[in-house]
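Hi there,

I'm passing a structure over to you, followed by a few notes on what turned up in it. Have a look when you get a moment.

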Amino acid sequence: MEQLLKDYNNIISYISPRLHMYLSKVSNSIINDLQEIRLRVDRPVVLVTHSGSCFLTSSGKTSYILSSNCVYAYKNEINDTVNKMCGYSMHSHYEDLLNGYLTLPNGARVGLCGTAVYDKDKVKGIKDFSCINIRIPRNITGISENIMNSVFKDGIEDLLIVGSPASGKTTMLKDIAYQLSSGRLGRFYKVCVVDERKEIFPEKSNLIGPNTDVLFGYPKAQGISMAVRTLSPDVIICDEIGQNYEIDEMLIGMNSGVKFILTVHASSYDELKRKSIYKRLLTNLYFNNIVFLSGSNNPCVISKIINFNDENDACNTHSDYINNISHILSKAN
């Protein structure tokens with residue numbers, strides 16, 4: 001709880017002074033349950049907890065009733081907050097802003113809404129910020145214990161973690177990296193984390209682990225390639241893989257003996273199989289282990305762990321393997 005309060009106070013220090021004053025009154029019980037802070041121009045401040053979305057009041061309490069006592073955010077406060085989050089240098093965060101996000105030094109992910117600026121039919125920037133969504137980062141040591149005891153019971157394996165937004169995928173990755181690097185499985189694995197948005201590990205985190213290397217700010221494909229060529233990792237960890245060119249680099253790494261642990265956005269097997277990278281992840285790369293997370297209402301709670309090894313021994317052909325995957329994964333629904 002102490003670290004969570006420290007992170008919360010650090011986050012709200014970036015928020016415009018009047019809103020900061022109200023947010024500083026929020027009770028510890030709400031902070032402990034907090035997932036997101038949402039600021040919208042001329043609309044009430046919303047705190048998203050595990051129990052749902054509620055409104056911030058001028059007393060610092062929360063209410064599920066929209067009333068005149070709710071605290072509203074205004075345009076100048078949104079702009080001030082974004083500017084401070086950029087260190088008063090929006091130009092230096094041009095690419096991040098263009099992609100609609102910022103990452104604070106403690107790893108908090110900030111989503112941004114605004115008006116797109118076009119140049120010859122291509123988005124060149126963003127202006128008139130209208131919404132800020134701040135996701136509260138969490139470090140929960142030991143949250144991956146079930147994965148350690150089941151998926152990695154005989155040593156490190158390739159692993160796909162599947163979950164909807166805010167289901168705890170990044171939190172799970174943090175602990176897996178820490179546990180593998182810290183000797184949890186009887187040896188200190190060489191872990192490399194490709195942290196494109198600097199949100200898996202803050203640069204000064206004390207939970208990285210003694211045998212972990214972090215490539216901060218590298219695009220995933222480039223980071224994977226560099227890690228394989230120069231860092232000799234036992235395992236590479238990435239968050240939110242979604243592009244085929246990223247898969248290309250992963251394939252090179254897997255053929256070099258490197259294990260991969262990565263996450264994909266999907267709330268179920270049905271959603272996963274609709275993704276264009278689905279067949280490549282599960283057939284070309286032969287991920288033998290998939291963990292499904294329960295969702296945003298129960299972050300970091302595992303709903304299903306699937307291991308293909310036990311049921312795949314009888315597969316003699318590629319088509320047998322594919323059919324077996326479909327049969328096993330159908331149980332995840």
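The crossing of α8 and α9 is left-handed, a term for a near helix turned anticlockwise from the far one by less than a right angle. Helices here are DSSP runs (H or I, at least four residues), strands likewise (E, at least two), numbered from the N terminus. This is a predicted model: local features need pLDDT of at least 70, side-chain atom pairs need 80 or more, and totals for chains, interfaces and linings use all residues. Residues are numbered from 1 along each chain as its sequence is written, and side-chain values use heavy atoms, without hydrogens or water.

Back to the helix pair: α8 (residues 220-230) and α9 (residues 244-254) pack at about 10 degrees, with axes 8 Å apart. Axes are lines fitted to C-alpha atoms over the stretch in contact, and angles run from 0 to 180 degrees between N-to-C directions. So α8 is roughly parallel to α9 (angles under 35 degrees). The contact (heavy atoms within 4.5 Å) involves Lys220, Ala221, Ile224, Ser225 and Val228 of α8, and Tyr245, Glu246, Glu249, Met250 and Gly253 of α9.

Two loop residues may interest you. Asp42, between β1 (34-40) and β2 (43-44), has a positive phi of about 60 degrees without being a glycine. Tyr88, in the loop between α4 (75-85) and α5 (94-98), also has a positive phi, near 60 degrees.

Best wishes

Terms used:
Parallel < 35°, antiparallel > 145°, perpendicular 65-115°, else oblique.
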